[in-house]
Amino acid sequence: MKLAFPSPEFDDAVASVCHGEADEALCRALNELLRNDASALDEYILRTELHSRLGSDEDLFVPANQLASEETESEELRFRERGDLDSDASPKRQLWWAWGVVAALLALAALGVWQSGIREQAPVSQVGSQAVAMLDRTVRARWADAEKHPVAGDPLEPGWLTLESGLAQIVFYKGARLIVEGPAEINLLAPNHVSVRKGKITADIPSQSSGFRIDGPHASVDAAVANVGFEAEGSGTAVHVFSGQAAVRPGNASAEESVESGIGILVTETGDVQRIQPDGSAFASLYDFHAESSAALALRRDNWEVMGERLNQEESLLVRLDFEQASPSRWELPNLSQSSSVAEKASVIGCQWGRGRWPGKQAIEFQNVNDRVRLDVPGEYDSLTLSAWVRVQGLDRELNSLFMSDGFVEESIHWLLRDDGVLGMTVVGDQPGDYQIVASPPVVELNDIGRWIHLAVVIDGRSRRVSHFVNGQEVDREALMIEPPYRVGPSELGNWSARGFPEDDPFMIRNFSGSMDEFCLFSRALAPEEIEKLYQEGRPDLDLLAFRR
């Protein structure tokens, strides 16, 4: 099979890849075309990026509202004042807004191919950040620094990265894309400059990144609109020009050699220069990377579905919503718990349907001030655990509801996010004015905006403590003074019904801006190991996958 570009066959082939329907022969033909036709490669990148990102990128960040800070007698006044002690709330909201815009612009800038008429790129601001690239995605990646390694979506500032194994795709802010194969040690120097101490990289360099430079131990490359393989070893540095043109400069030599497509150069450790045949099979291509990435994502989702079936049998599970099985009218959600009938269904008010953690996974999007999902969970409980996968699009309000009982009913609960990234749990007592607010340190950071994160809170009535968790890790634990029982009752995801409080008080507006694609409520206190397991089995990234080649 042989493909041409442009052609209807090319269109069908890319569509098949996006939908996971491409067979081996089609994959080989497409891979061959992409290696030899830069225009086809650009179009392939554009379409696959559109397929994977367009649905979730439109509202990457919503500007914060400038709400007045009026006094109120509500039980959460202390929660507000606690944050106001160390800094003013209004500038803090403005900072979130500014950082959100920066994050959105950097993400768009990283998608260099989007400039071709899809949308106009705004100048990239570097306020508060020295990042030169972003980590786009990884497959089976093992980094040398297990504690502080980057994850997909992280901005990357200048410095060394050591990838022990696996693949990582790095997108420079000027548009160049690198696929790094572990083991490799690379140093990010500038938005158009990288140094490779050892290992293999494949660089796709578009026109807007012309002049992209790669330094190695024995040679340097300046490339313009090219696809280049670069391998640094102790015995020498090899440059493979698969398409386009590159200027290769051996060692410290002042003269450089222009290398055309289909030619390779090997500079040995002694400085000898040899011509070699480019070997595309020795490098991971962009197509190879996308194919592995897509397959790994599908495997990840399959594993999560198996976990979900097991979780639905859990005896203490009161409510589980996965937002996958909405009614035909799409305004009712079944409670998937098979052990409890306390809340048969949830009702969707407003909201939009969007993409969840994986391609094909649905999520509910809270965009409008009226959007919410209503539940009614009767009963009294000695302990409760709440767990949700959310993607925060912006912390628009001082208090942003995750899951809140209506009003301030006795023994009820309020779980929310403050505008500075603090997680809060309010437990209301059985007497007027009796309540306790357990607030974590700021834990939802700027880099978490637009990224799927797992949040959980445990209200342990027996041990009298409340614990907050982010991505499986306990981030705060405090003593609980309010005695059980605790109740949920009529309640909402993503919003709050104040029930009788002044409707014109902006403090009463607590709608969440973001997406949610799974919510669980348990009638017991889950152990930290169980929270960690919920996170590990539901995490969307690929780093822990054992993926077949």
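I take buried to mean under 20% relative accessible area, exposed over 50% and partly exposed in between, with a 1.4 Å probe and protein chains only. I am working on a predicted model, where local features need pLDDT of at least 70, side-chain atom pairs count only at pLDDT 80 or more, and totals for chains, interfaces and linings use all residues. Residues are numbered from 1 along each chain as its sequence is written, and side-chain values use heavy atoms, with hydrogens and water left out.

Cysteines. I looked for disulfides (a pair of cysteine sulfur atoms within 2.5 Å) and found zero in the structure. C351 counts as buried at 9% relative accessibility, and C520 counts as buried at 1%.

N335. I found N335 in the loop between β13 and β14 (345-349), strands being DSSP runs (E, at least two residues) numbered from the N terminus. N335 is buried, with a relative accessible area of 12%, and its C-alpha lies 9.6 Å from that of C520, although 185 residues separate N335 and C520 in sequence. I noted that the side chain of N335 reaches the backbone oxygen of L318 at 2.8 Å and the backbone nitrogen of S337 at 3.1 Å.

Sheet. I traced an open sheet of eight strands with antiparallel pairing, in the order β13-β14-β17-β26-β19-β20-β21-β22, where two strands pair if DSSP finds at least two bridges between them. β13 (332-334) and β22 (435-442) stand at the edges with a single partner strand each, so one side of each has no neighbour in the sheet. Within the sheet, β19 (residues 399-405) and β26 (residues 486-493) pair in the antiparallel sense over three bridges, and F403 stands opposite L493 in β26.

Conventions
Helix = DSSP H or I, 4+ residues; strand = E, 2+ residues; numbered from the N terminus. Polar contact = N/O pair within 3.5 Å; in protein donor to acceptor, adjacent residues only side chain to side chain.
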